Amino acid sequence: MIDVLIIGSGGAGLASALRAKELGADVLVVGKSYPTASQTSMAQGGINASLGNVTADSISSHITDTIKSAHKLCDNHMVEYICHDAPKTIEWLESLGVPFDRTAQYKVAQRQLGGASSKRACYAQDYTGLKILHTLYDTCLKEGIEILEEYFLLNLITEEKVVLGAIFLDIVTGEVKEIRAKSTIIATGGYAGVYRGFTTNSEGATGDGIASVLRAGGVVSDMEFVQFHPTALKSSATLISESARGEGGYLVNSKGERFIDELLPRDVVARAIASQIANGDEVFLDIRHLGEDKILHLMPQEVHLCRLYENIDPIKELIPIKPVAHYSMGGIDVNRELEVTGLKNCYAVGECSNAKVHGANRLGGNSLLEIISLGRLAGENAYKLNVDYSNRDNQQLQKEQEYIESLFEEYPWERNFYQIQDELGRKFYNDAGVVRDNTKLNNLLNELRVIKADIDNMGIGDKERKNNTNLVEFLQFKNILEVGEVILDSAIVRDESRGAHYKEAFPNQDDKLYRANSLYWIEDGILQNRLVKVV
Amino acid sequence: MNIKINRQGSIESFDIPFQSTTLLKALFYIKQQEDNSLTFSSNCRSGVCGTCAVRVNGKEVLACSYNYQEGDLVEPLAYHEVQRDLKVNKQKVRETLKNSKAWLQSSQQAEITQEQVELTQKQTDCILCDSCYSSCPVLELNPNFIGPFALTRAYRYTADPREGNIQSIVDTIQTNGIWDCTLCGNCTEVCPQGIDPKMDITMLRGTSSQFGYNDPNFQAMDFGFGGF
Ligand SMILES: Cc1cc2nc3c(=O)[nH]c(=O)nc-3n(C[C@H](O)[C@H](O)[C@H](O)COP(=O)(O)OP(=O)(O)OC[C@H]3O[C@@H](n4cnc5c(N)ncnc54)[C@H](O)[C@@H]3O)c2cc1C
Ligand code: SF4
Ligand code: SF4
């Protein structure tokens with residue numbers, strides 16, 4: 001019998017697997033892609049820990065900065081936990097062989113990221129996430145941790161709200177299979193992929209785990225909080241890192257005018273850019289004045305990306321940019337033990353979860369910290385839980401098989417869901433993006449519900465069972481609809497501005513009414529919600 | 001523009017109604033608008049997840065980082081089981097990482113300088129795209145060859161000051177490992193991350209000699225002349 005089933009093989013999943021294994025658990029990691037293909041590989045900037053290796057720092061300043069950025073929506077206890085655990089987290093990663101850069105004193109080098117009062121982000125060149133993820137992967141191979149690749153989570157198996165494992169589509173064979181375990185950890189990553197075409201996130205960031213918790217009767221929270229990064233390439237939405245502005249790059253509109261102090265916090269800069277674009281202007285990043293030598297030395301990756309995706313030479317030309325969805329603060333609601341609210345024997349960790357460490361806005365470098373530190377905590381807690389219900393009878397597998405079967409038989413291909421997904425991405429960006437407005441949000445919510453109701457007219461054109469990526473993409477699209485509905489509804493309810501959530505009509509933070517987490521769940525087929533005050 | 005795709009051995013031709021952009025965009029266009037059944041892998045769209053490597057006109061590229069040209073022939077990676085169209089089974093090839101024990105064998109405390117980090121900075125940029133593996137002619141003759149990326153990774157750990165048991169890695173890569181490489185340099189040429197597995201293999205040969213290993217090919221020759 002598997003002790004701990006981990007769904008998702010990004011940084012959070014692998015960290016929890018290693019910890020549970022270390023304690024003696026029988027672990028199985030299951031993911032829809034190869035572990036090293038996870039979005040964790042994309043993180044560049046760094047991972048926070050107040051080591052003070054470069055500039056003076058303390059755990060308490062790390063806590064203070066994180067709480068400030070959270071705009072009163074975090075759980076201070078959880079923030080304290082990760083900030084205290086951060087130095088140990090780096091030490092652990094070090095012991096596995098993560099190639100962090102070094103100072104002249106042989107210590108882990110640290111750099112400045114936005115919102116931090118010290119140089120706090122440990123980095124491995126511009127590939128921090130990649131190198132952490134690959135080192136974790138190597139260590140999993142070393143420890144003989146079993147990993148099932150290309151298994152797509154369909155649903156959790158529940159019996160009276162107790163999670164008995166999960167049901168997966170084996171992408172390669174096309175079979176629907178169940179995996180039972182004493183406890184289950186969901187580590188399936190974020191949902192900024194809803195903003196398709198307008199996000200730095202990978203194609204797989206479709207909130208699958210979050211949608212599965214909703215369907216299982218569990219609770220999700222704070223879904224309206226999506227962080228936008230101010231500078232991504234206009235046509236491909238590829239991230240241009242903060243360093244371009246940090247090194248002195250300007251933001252200009254098509255008249256060549258600068259319109260904002262480029263070094264203000266991400267959300268402020270993103271709003272300023274969005275307002276230029278809303279007024280019909282275009283926005284560019286101008287780094288030409290830095291000179292060819294400096295540009296090539298400091299930003300070789302950016303130069304490459306500009307040439308590749310925009311077909312421009314940033315040494316001589318302006319870089320067209322737009323702000324895009326970058327990180328999802330909300331997710332599966334968990335308590336301090338990381339147990340999913342409303343379900344038993346089930347944990348969630350990483351970007352898919354809302355452990356209330358980021359509140360209304362995440363600090364750069366804190367999410368890599370979260371996935372490793374809390375990933376390990378989840379592995380520990382899930383293994384400690386020693387009640388085994390996993391042998392209970394359950395009929396769900398058959399239902400799932402029938403559903404997948406029906407997609408091969410009954411669905412006509414009357415409406416192209418890819419096209420709808422692209423349109424929806426654009427609409428989310430325009431109407432539920434950087435600046436929000438209730439009329440637009442309401443219209444989009446109605447539209448989304450119409451699409452949801454029309455799902456039977458969509459489906460898969462590819463009728464081959466094996467390696468059917470068309471099927472996987474369709475299932476992801478359905479998850480986007482479920483997750484998107486909650487994003488919109490919660491954004492409508494929150495009539496204030498706080499952190500990443502901004503409404504022009506309600507520009508102030510309203511602590512009296514909205515210093516609260518917004519909880520969503522499904523009861524008798526109907527989406528329910530409640531605001532729960534932060535204490 | 002027109003591109004051709006090798007689908008299970010039959011070459012199909014597709015018209016892309018826009019100017020050259022990334023090959024990945026073209027593949028998505030085909031899948032979403034023309035033929036839902038076209039099968040390929042991708043994820044990050046920005047060259048770090050290692051998922052979308054294919055061969056174009058015989059040469060390995062990342063579909064997300066390559067601008068297609070008129071008439072390009074797109075094929076799946078070589079020496080991988082083709083699952084469908086451009087999608088290949090990388091699971092088996094991942095086994096080479098286990099076979100080469102490419103991890104920190106025994107972790108020791110060490111003072112690490114930035115120079116030492118930079119020594120294997122490139123090697124740790126590897127995204128496991130399998131391009132090098134697909135380009136390696138040795139796999140044609142010896143399917144059990146550990147191959148370039150796993151050897152690069154093994155080298156990276158031998159060069160890490162935290163590694164307390166270099167011998168263990170060196171012992172592991174003698175058979176079907178460093179001596180099977182012909183130093184042809186194909187892997188180095190195709191690596192999208194600018195990694196040089198050929199050089200890393202050469203380095204591992206040096207380390208191996210320090211541990212008393214010799215090139216078995218030469219030994220075999222010695223035997224041929226002086227044996228019996
Ligand atoms: C461009 C970019 C740059 C970033 N830079 C930084 C940075 O500098 N510092 C920082 O702290 N953070 C950064 N972040 C954020 C950070 O990378 C992520 O928050 C973090 O890596 C999430 O890790 P995770 O393990 O929770 O999820 P992921 O890495 O996304 O992994 C999710 C896993 O779940 C699997 N999965 C998903 N759905 C299913 C399903 N249905 N069935 C089975 N498996 C499934 C996936 O295959 C994957 O293995 C950045 C993010 C991006 C996009
Ligand atoms: S140099 Fe060696 S490993 Fe690289 S492709 Fe040639 S034979 Fe293969
Ligand atoms: S060494 Fe280069 S080509 Fe080979 S898998 Fe790594 S990144 Fe790809």
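These notebook entries record what I looked up in a predicted model of chains A and B.

**Conventions**

I number residues from 1 along each chain as its sequence is written, and I letter chains from A and number ligands from 1 in the order in which they are written. Because the model is predicted, local features need pLDDT of at least 70 and side-chain atom pairs count only at pLDDT 80 or more, while totals for chains, interfaces and linings use all residues; side-chain values use heavy atoms, with hydrogens and water left out.

**Entry 1: chain B as a whole**

I began with the overall description of chain B. I found 10 helices and 7 strands in chain B; helices (H or I, at least four residues) and strands (E, at least two) are DSSP runs numbered from the N terminus. The C-alpha trace of chain B spans about 60 × 50 × 25 Å along its principal axes. Of the 228 residues in chain B, 57% are buried. Here buried means under 20% relative accessible area, exposed over 50%, and partly exposed in between, with a 1.4 Å probe and protein chains only.

I then looked at contacts, meaning heavy atoms within 4.5 Å. Among contacts in chain B between residues at least 6 apart in sequence, 63% join residues at least 24 apart.

**Entry 2: B:Phe145**

I picked B:Phe145, which sits in the loop between α5 (138-141) and α6 of chain B. B:Phe145 is buried, at a relative accessible area of 1%. Leaving aside neighbours within four places in sequence, B:Phe145 is in contact with a list of residues that includes B:Thr96, B:Tyr133, B:Leu151 and B:Cys181. I also looked up a C-alpha separation: B:Phe145 and B:Asn99 are 46 residues apart along the chain, and their C-alpha atoms are separated by 9.8 Å.

**Entry 3: the contact between B and A**

I next took the interface. Chain B gives 56 residues to the contact and chain A gives 55 residues. The two chains bury about 4600 Å² between them, 46% of it on carbon and sulfur atoms. Buried area is the accessible area (1.4 Å probe) that two parts lose on being put together, summed over both. B:Gln32, B:Asn36 and B:Arg45 supply 14% of the area that chain B buries against chain A, more than any other three residues.

I count 5 salt bridges between chain B and chain A, a salt bridge being a side-chain nitrogen of Lys or Arg within 4 Å of a carboxyl oxygen of Asp or Glu. In one salt bridge the side chains of B:Asp125 and A:Lys131 meet at 2.8 Å, N to O.

There are 35 residue pairs in polar contact between chain B and chain A, both residues at pLDDT 80 or more. A polar contact is a pair of N or O atoms within 3.5 Å; within protein, one must be able to donate a hydrogen and the other to accept it, and residues adjacent in sequence count only if both atoms are side-chain atoms.

On the side of chain B that touches chain A, the elements giving two or more residues include α1 (23-34), α2 (91-99) and α6 (148-158). The largest share, 6 residues, comes from α1(B). That side divides into 20 nonpolar, 22 polar and 14 charged residues.

**Entry 4: salt bridges within the chains**

Over all chains the structure holds 48 salt bridges. A:Arg376 forms one with A:Glu22, with the closest N and O atoms 3.7 Å apart. A:Arg376 lies in helix α10 (residues 366-384) and A:Glu22 in helix α1 (residues 11-22) of chain A, so this pair ties together parts 354 residues apart in sequence. A:Arg376 is buried at 17% relative accessible area, whereas A:Glu22 is partly exposed at 48%.

The side chains of A:Glu224 and A:Arg494 meet in a salt bridge at 2.7 Å, N to O. Both A:Glu224 and A:Arg494 are buried. A network of salt bridges links A:Lys72, A:Glu224, A:Arg494, A:Glu496, A:Arg498 and A:Asp511.

In chain B, B:Asp160 forms a salt bridge with B:Arg162, the closest N and O atoms being 2.9 Å apart. B:Asp160 is buried at 7% relative accessible area, and B:Arg162 is buried at 5%.

**Entry 5: A:Glu400**

Last, I checked A:Glu400, in helix α11 (residues 396-409) of chain A. A:Glu400 is buried yet has no salt bridge, and the nearest side chain of opposite charge, A:Arg215, is 6.8 Å away. For charge, Lys and Arg count as positive and Asp and Glu as negative; His and the chain ends are not counted. Not counting residues up to four places away in sequence, A:Glu400 touches A:Leu154, A:Asn155, A:Ile167 and A:Val176.

Notes:
Ala, Val, Leu, Ile, Met, Phe, Trp, Tyr, Cys and Pro count as nonpolar, Asp, Glu, Lys and Arg as charged, and the others, Gly among them, as polar.
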